[in-house]
Amino acid sequence: MKILFLHTENAGTSYIRMIQYANYMRKVPGVEVAYSKWDKDKQTIANWEDRAKDPAVIRDFAMLMHNADIAVCQTVATGGAVAMLCALQEVYKKPILAECDDNHFDIPPYNPAFSMYRPGGECQRWAHYQMRVSNGMIVSTDYLKKEFSPYSPKITVIPNGIDFAIWDTVKAPKPHTGIKIGWCGGGSHNEDIKSIEPVIHRILDKYKNVKFVITGGDVPKLKPHKRLKVYVSWSDILKYHPHLANLGFDIGIAQLLDNGFNR
């Protein structure tokens, strides 16, 4: 079985949902895998969507589909990418599955992705179309399976996972005094953490041995406190595991507002 993984431009979901599984499946007897790479510097980003009309990209895709038995493609957002996927299906008669771990059709307005996936927008329309023309879907939760069932009758749930071969190599951070509570996220969840801002300050005022750390690629503005540190901290996804460990959280939180995207 030869499987082609076609990941896109989000390094985090590309690695967690595609590359990690592809690398693991290389250990399975009788299975060969390949995944797309059209960025000379980053293994985890494949910027082929906006280059779907490039003859070099089309040639590479044709070669890969000719040799593959099946392809798994993350949700795309351009008409050119969808057109190429449809052409590959028609020419090579190979099944192509759509992979998605976010509900693109219920994004709250505070999420930066809302401008792209607003109701009735072009990106949302192409995502709908890709789901309908794909031979099936892979999603991360039962909730997504239910949400996407109107667009695809064949949906398989493969939950998110972590590779212990990577995480077990992480060294323990240096000891510190007190208790460090931390949140590490991105702009799509800024309103989630801001919803408990009063609770953060209440804890810091009550417990003098507690420090709170808010960090990520795009962090929210919170009311200042001498034991609250809010700062931007980027990390390559392939180096994220030691980066997260070095933050030294004693307690990590993942606050979520109750909405369709977070479910």
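Predicted model: local features only at pLDDT ≥ 70, side-chain atom pairs only at ≥ 80, totals over all residues.

Student: OK, at what angle do helix H3 and helix H4 pack?

Tutor: Helix H3, residues 79-92, and helix H4, residues 122-133, pack at an angle of about 10°, and their axes are 10 Å apart. Since angles under 35 degrees count as roughly parallel, that makes H3 roughly parallel to H4.

Student: And which residues of H3 and H4 meet there?

Tutor: From H3 there are Gly79, Val82, Leu85, Cys86 and Gln89, and these meet Trp126, Tyr129, Gln130 and Val133 of H4. Sorted by class, this contact of H3 with H4 has six nonpolar and three polar residues, with no charged ones.

Student: Switching to H8, which of its residues are buried?

Tutor: Helix H8 covers residues 197-206, and in this helix Glu197, Ile200, His201 and Leu204 are buried. Looking down the axis of H8, you would find its buried residues within an arc of 95°, so they line one face of the helix.

Student: Why would residues three or four places apart in an α-helix point the same way?

Tutor: An α-helix has 3.6 residues a turn, so residues three or four places apart point the same way.

Student: What do the buried residues of H8 pack against, then? And what is exposed on the other side of H8?

Tutor: The buried residues pack against helix H7 (190-194), strand S8 (210-216) and strand S9 (228-232), while on the other side of H8 the exposed residues include Pro198, Arg202 and Lys206.

Student: Last one, Ser140: where is it found, and is it buried or exposed?

Tutor: Ser140 is found in the loop between strand S5 (136-139) and helix H5 (142-148). Buried means under 20% relative accessible area, so Ser140, at 8% relative accessibility, counts as buried.

Student: What is Ser140 in contact with, leaving aside neighbours within four places in sequence?

Tutor: Ser140 is then in contact with Arg17, Cys100, Asp101, Val157, Ile158, Pro159 and Asn160.

Technical notes:
Residues numbered from 1 in each chain as written. Heavy atoms only, no water. Buried < 20%, exposed > 50% of the residue type's maximum accessible area, 1.4 Å probe, protein only. Helix = DSSP H or I, 4+ residues; strand = E, 2+ residues; numbered from the N terminus. Arc of directions from axis to C-beta. Contact = heavy atoms within 4.5 Å. Axes fitted to C-alpha atoms, helices over the stretch in contact; angles between N-to-C directions. Parallel < 35°, antiparallel > 145°, perpendicular 65-115°, else oblique. Nonpolar A, V, L, I, M, F, W, Y, C, P; charged D, E, K, R; others polar.
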